[in-house]
Amino acid sequence: MSPCLLRLSSFGMWTETCNILLTVVAFLQISITVTAPSPPGENIPVLYPWRREIAAGGLRRVKRAWVIPPIAVSENSRKIPFQLVQIKSDKLPSKVIYSIKGPGVDEEPKGIFSIDHDTGLVSLTTVLDREAKSSYKIKAYAVDETGTPLEDPTDLEIIVIDQNDNRPTFDQQYFIGHVLEGSAPGTLVMQVTASDADDPQTDNAALGYSIIGDGRGIFRIDPTTGEIRTVGVGLDRENISVYNLTLQVADLSGEGLSTTATAVIFIDDINDNAPEFIATEFIAEVSEDMERSEIGKISVEDKDQPGTSNWFVDYTIVGGDDQGLFSIRTEPETNRGIIFVEKNLDYEKAEKHILTVEVKNKEVVTPGAPQTLRSSAKVIVTVTDVNEAPSFVEDPRTLNVPEGLTAGSFLTVYTVTDPDTKQQQNISYGIQYDPADWLIVDVNTGEIILQQNIERRSPFLLNHRYTAVITATDSGGPPHTATGTLEIHVIEVNDFPPDLYPQIGFVCRQWDKDNGVLLWAADGDLEPHAEPFHFEIVHEDSKYSQNWTISSLNDTHSRLKAQQDVSEGTYSLQIRVSDSGEPRLWQDHMLNVTVCFCSVRGDCTPGVAALLGTHVGLSFGAAMVILVSVLLLLFLILLVAVSDCLHRHHHHKALLADSEDDIRDNILNYDEQGGGEEDQDAYNIDQLRNPDEVLPSTPIRGKQPIRRDAPFNYGQPQYPRKPPADPNDIKDFINEGLDAADNDPNAPPYDTALIYDYEGEGSLAETLSSITSLASDSDQDYNYLSDWGPRFKKLADMYGDH
């Protein structure tokens, strides 16, 4: 038996060698092998994965699979189809059917491998790509015609051998890096990376990096790691701010397939350049009235990167501006300095200002940076003259003027100053606001004079102040006007003495029971020329004044009282009232106090003694007038009394009374629910007393309108015309009248409310309630009720004396 089980096909020397080595390894693991002849015309390996074993006592089959070595196949091979291997089963008595399953057969990717079911020949049917799949593992099966497995499944592994068919690629086409200018040699800038799809275990994926073109003298790249570092010194952003390097990567350690990319390296700025003025002197012009205005710009040059902190500058005025008239600010977009004037310049004081300005970066300049020669510059500011407005020396001007100051009085001279001392100008004065038209101003001198009297009670005064506005206009071109406020404080003057109130008073004769007379005063002045007021009695003018005294209650009120019992009468006291002003003013007033006898309730009722007992020193004519007035008053009272008595004697006795004390008056019917105004006609009581007589002054009532509740064609009832001669029959007379009234369709309804609320003034019967009032019945004689007949006897018994 030949020791070699495989016959190698012509894949090439390298492939054959690999297969031989794999076969040798497999051969060493086989206990017993059987070699079958190859089909004519083919040189492919034939594998017997299944074997038989001869044991003592006869033949017996042992199922034991071989360990089949991997089959190596080169990728990109165009010899298709290509026979890989042939498998055989040693079970000869039966027909064997071979099959394979797995990736590349019935699993994705499908259709790569196939097998001859009769011969067991496994073939490659398509070109392999190691980068897509580097190996395949399939299983081989052997069954009989009935599908019964003859052998156990065995594994076949096909390995795809790599070829250098992929170029390496950079991970990105452009690499961006930064490095500071002036960096030391060997400073890491960045690291670039690339990849190769070939087998990383072979030289096909061994990459090598390099720099081609410009930049190789300034930067270098590590061929293995791809790190880019600086080579020498001298990186200067101001000379070259960016470098573009062409990078190359190749496999086979830099000798195989290659690809290029670009590395962009920016040189970052450091503050290695100080700013410099573009000129040593700048000129600016400004008028003297341009406050808080821009007057010019100055420029500097800085070689550092614009827009960075190394480029931004700060300006400082270091000389020529002791008064703080100017300021300078940086314009961020251009780095220029903008000069402003902060206060109004005065041409008359200085026609020119020379400023010294320094500049420096916001960031500190790197040590070793070159020194600048123009870190400072001069700014010459020329001031042009303009017409400036005059201004009042004092604004506002306050004047203290006493009230009552008369027209034509001089108040003040209100003038201005003109800052244009180098120009000859005239000033004219005027009045802009003078609400009460109090003032006159001299147009040339500014002298102010009153043209009306000062009135403290003027409605134009606010808190005792009068405000006017004065103007002053110069003659410049264009003219300017200034305004000044004149405040006139009207000072209160004590020009009104106080007045006493009241002028008359009443006190009780019993001086110890009287509260006296309350006195008060009023003054036309204001504080401090008014209250507190002082009241006193001028004793020397009256001998009776010693009996009176005045006590103060508060700042404005006092009380006058008698010191002892004073007889009834009228007393005239001279009261002096003074204010608290400066100087103090006073005024005497005559106060007439009437002393009278007071009732229990304290009411003062002057009697004849009080009226005649005057102690005011009246003249004879005045006393006679008072006496005649009193007599005339008594005569009128007597005349009224006599007339009333005569009137009572002329009355006849009425039907309802037997005496002349009949106090009945006319009966008024106030029927508010009846027939309107016609129901308010009066019933003359004389008709009841004398029904046969009709007084000419008694109105005759007309026919009343028929009520709506009266029956149709109801006849007029008959009222009793003549009262009975006997007073005892008065009841029948009244009942007949009531019955006729109830059936009278012209009369108000029977349920109409009749109101009798007023009996007349001066009635001796007083009110109706006196019938039941024990206090008011004591003086009333009801004995006459017994004369009215038996019907009033009960009342006579109840209220009479018997």
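Tutor: Take Phe113. Setting aside neighbours within four places in sequence, Phe113 is in contact (heavy atoms within 4.5 Å) with Leu84, Ile100, Pro103, Gly104, Val105, Ser123, Leu124, Thr125, Tyr136 and Ile158. The model is predicted: local features need pLDDT of at least 70 and side-chain atom pairs count only at pLDDT 80 or more, while totals for chains, interfaces and linings use all residues. Residues are numbered from 1 along each chain as its sequence is written, and side-chain values use heavy atoms, with hydrogens and water left out.

Phe113 also belongs to the largest nonpolar core, which has 24 residues; Phe113, Leu84 and Leu124 touch the most other members. Such a core is a set of buried Ala, Val, Leu, Ile, Met, Phe, Trp, Tyr and Cys residues joined through side-chain atoms within 4.5 Å, where buried means under 20% relative accessible area (1.4 Å probe, protein chains only). Two or more core residues come from each of β4 (71–74), β5 (82–87), β6 (97–101), β7 (113–115), β8 (121–124), β9 (135–143) and β10 (154–161).

As for the whole protein, it has 7 helices and 48 strands; these are DSSP runs numbered from the N terminus, helices being H or I of at least four residues and strands E of at least two. Of its 802 residues, 34% count as buried. Among contacts in the protein with a separation of 6 or more, 65% are between residues 24 or more positions apart.

How values were computed
Buried < 20%, exposed > 50% of the residue type's maximum accessible area, 1.4 Å probe, protein only.
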